[in-house]
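Let's go from the whole chain to its strands, and then to a helix and its charged side chains.

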Amino acid sequence: MTRRALCWLLSLLLFPGGAGAVQSFTVRDGQTVTAVMSSRELTRVSVAGAERLERVWAPAGHLQVQPDAAQGDIFIVPAPGAPASLSFFVRDSTGGTYTIIAQQRDVPSETILLTPQRRAPRPATTRQRPGTSLDDIKRLMLAMALNRETTGFTMERHETPVPLWKETEILLTNTYTGFHFTGRVFQIRNVSAHPLTLHEQEFIRLVPNVRAVALRGFTLPSGDTTVLYVVSDTEAHP
């Protein structure tokens, strides 16, 4: 047992009344997991083994983050007014980046434990093209979530209506155009009188050749707005 794992076990033994549920996930770089977080108490996010969490990215006003530099963990709690379901990115000390979709519940403190599954790199072949890796899609998704430019992509701002459902008002707000991939940011507003529950699978055919889809929030009360991120293949060049 590693020293870090031993410290974590001792903390559970010394403070049994404050320990909540442990949610364990085996993850690969770029994977998305859905977990439960306490709506009123701290939730701990940790990575198994000797690795550490080094970065966290969350939409402004959604999360309050308290890093534990000594152990390499982070402790999170929803900010006032945060949506019932929210997503954020974490990166470990080996460079693995994971998306966590956290669903608020009125429960005691939780622990989200990530166990990275390392895969041996595949040898390069002549069929591989530069710029088409999962890393490029992750980098593009992160830039869109942070509303910033990124190398290799041209960013344009829009306010283009996208008719899809009568219950929603959808605007295309940002486009990131690269040689291989195109990223699009959509603003979705619930214009109906009832709450809407959205699923990422509903947007897979919003544009041709979609590679990745992410929603900032899944439950949308009447009048509220959320953000959709879509990465697709760039149309073929002449």
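How much accessible surface does the chain have, and what share of it belongs to carbon and sulfur atoms? The surface comes to about 13,400 Å², and 53% of that belongs to carbon and sulfur. Areas here come from the Shrake-Rupley method with a 1.4 Å probe, and for residues only the protein chains shown count as cover.

A word on the ground rules. This is a predicted model, so to speak of local features we need pLDDT of at least 70, side-chain atom pairs count only at pLDDT 80 or more, and totals for chains, interfaces and linings use all residues. Residues are numbered from 1 along each chain as its sequence is written, and side-chain values use heavy atoms, with hydrogens and water left out.

Now the overall picture. The chain has two helices and 16 strands; these are DSSP runs, numbered from the N terminus (helices are H or I with at least four residues, strands are E with at least two). Of its 238 residues, 41% count as buried, where buried means under 20% relative accessible area, exposed over 50%, and partly exposed in between (1.4 Å probe, protein chains only). Take the contacts between residues at least 6 apart in sequence, a contact meaning heavy atoms within 4.5 Å: 60% of them join residues at least 24 apart.

Ile 101 gives a local view of that. This residue lies in strand S8 (residues 97–105) and counts as buried because its relative accessibility is 6%. Setting aside neighbours within four places in sequence, its contacts include Thr 32, Val 33, Ser 85, Leu 86, Glu 200 and Phe 218.

On to the sheets. Five strands make an open sheet in the order S1-S9-S3-S6-S5, with mixed pairing; two strands pair if DSSP finds at least two bridges between them. At the edges sit S1 (22–27) and S5 (63–68), each pairing on one side only. Ignoring direction, neighbouring strands of this sheet are turned by 20° against each other on average, using axes fitted as lines to C-alpha atoms (for helices over the stretch in contact) and angles that run from 0 to 180 degrees between N-to-C directions. S1 and S9 (residues 110–116) pair in the parallel sense over six bridges, and Thr 26 has Thr 115 in S9 as its bridge partner.

Another strand worth a look is S16 (residues 225–233), which is mostly covered, with seven of its nine residues buried. S16 runs antiparallel to S12 (residues 181–190), joined by nine bridges, and Phe 186 has Leu 228 in S16 as its bridge partner. S16 also pairs with S14 (residues 210–215), again in the antiparallel sense, over five bridges. There, Val 210 is partnered by Ser 232.

Next comes helix H2 (residues 134–146). How far apart are its end C-alpha atoms? They are 18 Å apart, which agrees with the 18 Å that its 13 residues should span at 1.5 Å a residue (the expected span being 1.5 Å times one less than the number of residues). Buried residues of H2 include Ile 137, Leu 140, Met 141 and Ala 143. After the helix comes Asn 147, with a positive phi near 55°.

Side chains of opposite charge can pair when their charged atoms come close. The rule for a salt bridge is a side-chain nitrogen of Lys or Arg within 4 Å of a carboxyl oxygen of Asp or Glu, and by this rule the count comes to seven. In one of them, Asp 29 meets Lys 138 at 2.6 Å, N to O. This pair links distant parts of the chain, since Asp 29 is in the loop between S1 and S2 (32–38) while Lys 138 is in H2, 109 residues apart. Which of the two is buried and which is partly exposed? Asp 29 is partly exposed, at 27% relative accessible area, whereas Lys 138 is buried at 18%.

Lys 138 also forms a salt bridge with Asp 135, the closest N and O atoms being 3.6 Å apart.
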